[in-house]
Amino acid sequence: TIASSGDVGQYTSIALDTNNYPHISYYDNTNHDLKYATWNGYSWSWIIQTVDSSSYVGCGGTSIALNTNNCPYISYNDGTNEALKYARRNGSLWQIQTILNYWGGGGAYSSIALDTNNYPHISYYDHSYYPPSNRECGNLKYARWNGSTWITETVDSSGTGVGYSLGQYTSIALDTNNYPHISYYDNTNHDLKYAK
């Protein structure tokens, strides 16, 4: 058991470093924080860190990847601000960026992968609600860091409209040319989809 204080362990993601040690991102539902745990070969207890505590962060999913130096990169949802966020550990500190932020939409169900330059690529679900019915609609989106800025694209919006939803539960992988491949769920048609 890695952590047991309160309600902890939702929306986990795991990656292994070059020593085959696990690194885990997860949501602390008691404190509404994004947490990170890693194994040092001896004990879990002192290597649990709060990455972001700005309220309801990580509740829409977390995803972790490690660069070539075993540095963790985490994509996650900020449920309070409806934002897609990204955290990278630099030494003992966490650097946090907001990739996109607007009311009624956000970066839920994100997945992260690193290319050969250690640049992050993130797939995510971009959703909105239409009053007064508050019916959800959403699309599959993709964001990548080019070394100086974030570039975002709509991957699949084939069913755009009130009540139509696709792009949930995304997972991303990069091929040898750093091209993204994304699997995701079409909630309207109840289908598994793939984009590349």
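**Surroundings of asparagine 178**

Leaving aside residues up to four places away in sequence, asparagine 178 touches Asp115, Thr116 and His121, where contact means heavy atoms within 4.5 Å. This is a predicted model, in which local features need pLDDT of at least 70 and side-chain atom pairs count only at pLDDT 80 or more, while totals for chains, interfaces and linings use all residues. Residues are numbered from 1 along each chain as its sequence is written, and side-chain values use heavy atoms, with hydrogens and water left out.

Asparagine 178 lies in the loop between strand E13 (166-174) and strand E14 (180-186); strands (E, at least two residues) are DSSP runs numbered from the N terminus. Its side chain makes a polar contact with the side chain of threonine 116 at 2.9 Å (a pair of N or O atoms within 3.5 Å; within protein, one must be able to donate a hydrogen and the other to accept it, and residues adjacent in sequence count only if both atoms are side-chain atoms).

**Salt bridges**

The structure holds five salt bridges, each a side-chain nitrogen of Lys or Arg within 4 Å of a carboxyl oxygen of Asp or Glu. One of them joins the side chains of aspartate 52 and lysine 85 (2.9 Å, N to O). Because aspartate 52 lies in strand E4 (residues 48-52) and lysine 85 in strand E7 (residues 83-90), this pair ties together parts that are 33 residues apart in sequence. Both aspartate 52 and lysine 85 are buried, that is, under 20% relative accessible area with a 1.4 Å probe, protein chains only. A network of salt bridges links Asp52, Asp78 and Lys85.

Notes
Helices (H or I, at least four residues) and strands (E, at least two) are DSSP runs, numbered from the N terminus. Buried means under 20% relative accessible area, exposed over 50%, partly exposed in between (1.4 Å probe, protein chains only).
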